[in-house]
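This briefing is meant for a reader who is meeting the structure for the first time. Please look through the sequence and the model before turning to the points grouped below.

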Amino acid sequence: MAKILLGFIIVLAVVVVGTMAEGCDKDREDMIRECKKYEMFPVTPKIDPSPACCAVWQRADIPCLCKRVTKEVEKEWCMEKVIYVAKYCGKPFNPGYKCGSYTVPPTAQ
């Protein structure tokens, strides 16, 4: 009985750790699929995002996504456009919020 219980606990631990490791992978994939074209360089023009992109913004775990923003990501994704899309979609960043190494300015547009 003890071996069965121990085996169950190990399986449960593996499932929990595996789920935690996934974090916001689906949000990241959805963001790439639906929003990438609105958030890439060059800085201009800023294009209003699609309803599908805004739906991703509304449900995404933004703090989790921001933890994954590296310098390499910032070379491809224009953070000014990310801020614009977030605001357009009704989920603006607060001034001073850090997403990767980018800090949202006091007058984010």
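The protein chain holds six helices and two strands, where helices (H or I, at least four residues) and strands (E, at least two) are DSSP runs, numbered from the N terminus. Read from the N terminus on, the elements follow the order α-α-α-α-α-α-β-β. This is a predicted model, in which local features need pLDDT of at least 70 and side-chain atom pairs count only at pLDDT 80 or more, while totals for chains, interfaces and linings use all residues. Residues are numbered from 1 along each chain as its sequence is written, and side-chain values use heavy atoms, with hydrogens and water left out.

**The chain as a whole**

- Of the 109 residues of the protein chain, 32% count as buried, a term that means under 20% relative accessible area, with exposed meaning over 50% and partly exposed in between (1.4 Å probe, protein chains only).
- Among contacts (heavy atoms within 4.5 Å) in the protein chain between residues at least 6 apart in sequence, 72% join residues at least 24 apart.

- Helix H2 (residues 25-39) spans only 18 Å between its end C-alpha atoms, whereas a straight helix of 15 residues would span 21 Å at 1.5 Å a residue; the expected span is 1.5 Å times one less than the number of residues.
- H2 has a kink of about 50 degrees centred on Arg33, the bend at a residue being the angle between axes fitted to the seven residues ending there and the seven starting there.
- Asp27, Asp30, Met31, Cys35, Tyr38 and Glu39 are buried in H2, and the buried residues of this helix pack against H3, helix H4 (62-67) and H6.
- Most peptide bonds are trans.
- Phe41 and Pro42, however, are joined by a cis peptide bond with omega of about 5 degrees, and the peptide bond from Thr44 to Pro45 is also cis, with omega near 0 degrees.
- Pro42 is found in the loop between H2 and H3, and Pro45 also has its place in the loop between H2 and H3.

**Helix H6 and its contact with H3**

- Seven of the 10 residues of H6 are buried, so this helix is largely enclosed by the rest of the structure; the buried residues are Met79, Lys81, Val82, Ile83, Tyr84, Val85 and Ala86.
- These buried residues of H6 pack against H2, H3, helix H5 (71-76), S1 and strand S2 (102-103).
- The axes of helix H3 (residues 51-59) and helix H6 (residues 79-88) come within 9 Å and cross at roughly 90 degrees, which makes H3 roughly perpendicular to H6, a description used for angles of 65 to 115 degrees.
- On the H3 side the contact is made by Cys53, Cys54 and Trp57, and on the H6 side by Val82, Val85, Ala86 and Tyr88.
- The residues of this contact between H3 and H6 divide into seven nonpolar, no polar and no charged, where Ala, Val, Leu, Ile, Met, Phe, Trp, Tyr, Cys and Pro count as nonpolar, Asp, Glu, Lys and Arg as charged, and the others, Gly among them, as polar.
- H6 is followed by Gly90, whose phi is positive, near 80 degrees.

**Tyr97**

- Tyr97 lies in the loop between H6 and strand S1 (98-99) and, at 28% relative accessibility, counts as partly exposed.
- Leaving aside neighbours within four places in sequence, Tyr97 is in contact with Ile62, Pro63, Cys66, Tyr102, Thr103 and Val104.
- Tyr97 and Cys66 are 31 residues apart in sequence and 9.8 Å apart in space, C-alpha to C-alpha.

Technical notes:
Axes fitted to C-alpha atoms, helices over the stretch in contact; angles between N-to-C directions. Parallel < 35°, antiparallel > 145°, perpendicular 65-115°, else oblique.
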